[in-house]
Amino acid sequence: MIFRRKPKAADLAAVMSELEQAVAARDGGRTERAFDAAMSALQSATGTECATVGPRLAALLPAFPPTGPRPMLATMAGFCVERGADPAVSAEPILDGTHRDLLDALEFARRWAAAGGAGDDLPETDEKIIDDALLARLGGEAHEALRLALAWCSVEQWQPPALAVLCRSAEVRRRHASALLPACRDLAALERHDLKCLAYALAILDDEPLVVLHRPTGTGFEVRIGGIGDNFQLHTLLAHVLVGGGHVPGTAPSAQSVRAATDPEPAVRGRTGAVASGAFELLAPDGERIWNEQLPDDIPVVEGRRLLVLD
């Protein structure tokens with residue numbers, strides 16, 4: 001095993017400047033060395049340093065070659081967001097890169113099928129599949145074919161940095177999510193990539209009015225929701241507000257389960273003893289079941305308002 005000395009935290013600014021200069025000079029060897037040094041330096045960076053460096057890393061993404069380690073660069077920028085960098089500042093280059101690779105992966109699948117491969121014959125998402133025969137099958141210019149193949153194999157690597165900015169800013173979601181969601185869902189439908197977390201984050205509703213009808217008591221309520229990841233979370237919060245607030249009968253969820261549904265950070269590490277039991281059956285206005293595993297985005301819109309029936 002080879003051990004390498006990690007650069008001191010104080011070296012990060014110099015390493016970052018070297019990386020920027022190497023990218024600007026389009027010097028491949030110099031960029032690779034500076035890139036490796038930046039990854040090492042980040043491991044010991046402080047939150048304050050990450051807040052400064054994160055946007056600079058994200059800003060390099062458009063200048064990185066499409067066949068280079070762009071997902072890893074995005075991951076470095078996303079790591080900085082998790083350590084305190086402003087998600088709104090880093091979001092555009094990270095999500096633009098995510099969108100580009102989603103579209104390129106879809107184009108890979110289209111060309112694969114057009115060349116005679118059935119949809120269920122799509123290859124695995126491992127770079128070991130990439131060879132001259134595969135690139136020839138994709139057709140077109142060789143560099144473009146390589147870009148598409150790499151996107152097919154690496155698109156999941158964009159998920160963590162994309163989540164870093166999407167899950168920390170409603171404004172980022174409002175500005176970018178709708179453009180990415182169709183491509184994300186189309187690629188996930190091919191069943192070769194696990195993009196569930198990204199699809200859920202892109203579908204989060206923010207500042208959304210929701211009409212809730214409680215059929216057993218014949219009462220109705222209007223609430224406003226935002227930042228809710230799935231209907232398990234929505235179910236818990238509705239029970240907390242409606243049952244816990246004394247508006248409808250039932251057993252209110254425990255304080256521990258409410259905390260798990262509201263706090264941005266885990267209440268504890270690992271599993272807890274908290275149990276969240278369903279207080280309602282969630283239904284669409286036509287009586288169709290809405291599952292806890294679904295999203296608030298799956299609740300139908302009726303005359304401009306999402307309408308949920310509780311039974």
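**Note on aromatic contacts in the predicted model**

1. The count of aromatic pairs comes to three, where rings of Phe, Tyr and Trp (its six-membered ring) pair if their centres lie within 6.5 Å, and planes under 30 degrees apart count as stacked, over 60 as edge-to-face and the rest as tilted. This is a predicted model, in which local features need pLDDT of at least 70, side-chain atom pairs count only at pLDDT 80 or more, and totals for chains, interfaces and linings use all residues. Residues are numbered from 1 along each chain as its sequence is written, and side-chain values use heavy atoms, with hydrogens and water left out.

2. Phe 35 and Phe 64 form a tilted pair, because their ring centres are 5.9 Å apart and their planes stand at 50 degrees. Phe 35 belongs to helix 2 (residues 28-42) and Phe 64 to the loop between helix 3 (47-59) and helix 4 (70-82), so the pair ties together parts 29 residues apart in sequence. Phe 35 is buried at 6% relative accessible area (buried means under 20%, exposed over 50%, partly exposed in between; 1.4 Å probe, protein chains only). Phe 64 is also buried, at 4%.

3. Phe 108 and Trp 112 are stacked, with 6.1 Å centre to centre and 20 degrees between the planes. Both residues lie in helix 5 (residues 87-114), four residues apart, about one turn of the helix. Ring pairs link Phe 108, Trp 112 and Trp 152 into a cluster.

4. The charged end of Arg 137 sits over the ring of Trp 112, 3.6 Å from its centre (NZ of Lys or CZ of Arg within 6 Å of the ring centre and within 35 degrees of the ring normal).

Key:
Helix = DSSP H or I, 4+ residues; strand = E, 2+ residues; numbered from the N terminus.
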